Amino acid sequence: MKKIKILALLAIVVFLVQDMGDMFQGFADGWEAAGDRTEFKSSMSLAVRPTATLVPDSLQNAATGGKAPFWASQIESDAEVKPSAGMVVCVVGAIPIGLLLFYGIYCLVRLVIAVVRGSVFTRPNVRRMRFFVYGVVVGGVWFELFRWFSYLAVTGSVDIPGYEVAYDGLKYSWLSYILLALFTEIFAAGVKIKEEQDLTI
């Protein structure tokens, strides 16, 4: 039981320091970058692939004295783009999803407090775990969709001769999210079995 209490406290400390710190830093960076602008500007790192029409430039090789061809694999874009319908839906959906995330964080804190007090295998803890885990999953899905729609909007506004823009893939490790949801449901099943055994006794 002592190990569970220590891990619960460690989990919430790591979450607050790492994830919440990243969230507030990202919000502050976005707020500062926006300034007083009313138009939508998306600063995005675009993964690019050279096409067959690209004629590579060359670099001077200091070691051999010769020249070596080079091409870009990523380009930074700060293009002014018209928000797509998908982006507008994502922005509107950010409010309820944000509320769900904050409630999930509240549930996580309540869960840790309950565990520290010795109450572990209970239905309220199952509910708290589900709100937190599925809130994080929904928030991650929302963010991935917003990145995808932003990518489509930016790539539709830029033309890079000799290159084609490639999507750089998902930002988050979805295996860890799926495992977290799986362990939550295993915990819920364990609580249900415990309740049935208590009733049988």
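Is the crossing of α3 and α4 left-handed or right-handed? The crossing is left-handed, a term applied where the near helix is turned anticlockwise from the far one by less than a right angle (right-handed if clockwise).

The model is predicted, so local features need pLDDT of at least 70 and side-chain atom pairs count only at pLDDT 80 or more, while totals for chains, interfaces and linings use all residues. Residues are numbered from 1 along each chain as its sequence is written, and side-chain values use heavy atoms, without hydrogens and water.

The protein chain averages a pLDDT of 79, on a confidence scale from 0 to 100. At least 70 is reached by 77% of the residues. Helices are DSSP runs of H or I, at least four residues. Where pLDDT is low, the predicted coordinates should not be read in detail.

Helix α4 spans residues 174–200. The axes of α3 and α4 lie 10 Å apart, at an angle of about 160°. The pair is therefore roughly antiparallel (over 145 degrees). Contact means heavy atoms within 4.5 Å. On the α3 side, the contributors include R123, M129, V137 and E144. On the α4 side, W174, Y177, F187 and E195 are among them. By class, the contact has 14 nonpolar, three polar and five charged residues.

E144 lies in α3. Its relative accessibility is 6%, so E144 counts as buried (under 20%). Beyond neighbours within four places in sequence, E144 contacts Y167, L170, K171, Y172 and W174.

Technical notes
pLDDT is the predictor's confidence in each residue, from 0 to 100. Helices (H or I, at least four residues) and strands (E, at least two) are DSSP runs, numbered from the N terminus. Buried means under 20% relative accessible area, exposed over 50%, partly exposed in between (1.4 Å probe, protein chains only). Axes are lines fitted to C-alpha atoms, for helices over the stretch in contact, and angles run from 0 to 180 degrees between N-to-C directions. Angles under 35 degrees count as roughly parallel, over 145 as roughly antiparallel, 65 to 115 as roughly perpendicular and the rest as oblique. Ala, Val, Leu, Ile, Met, Phe, Trp, Tyr, Cys and Pro count as nonpolar, Asp, Glu, Lys and Arg as charged, and the others, Gly among them, as polar.
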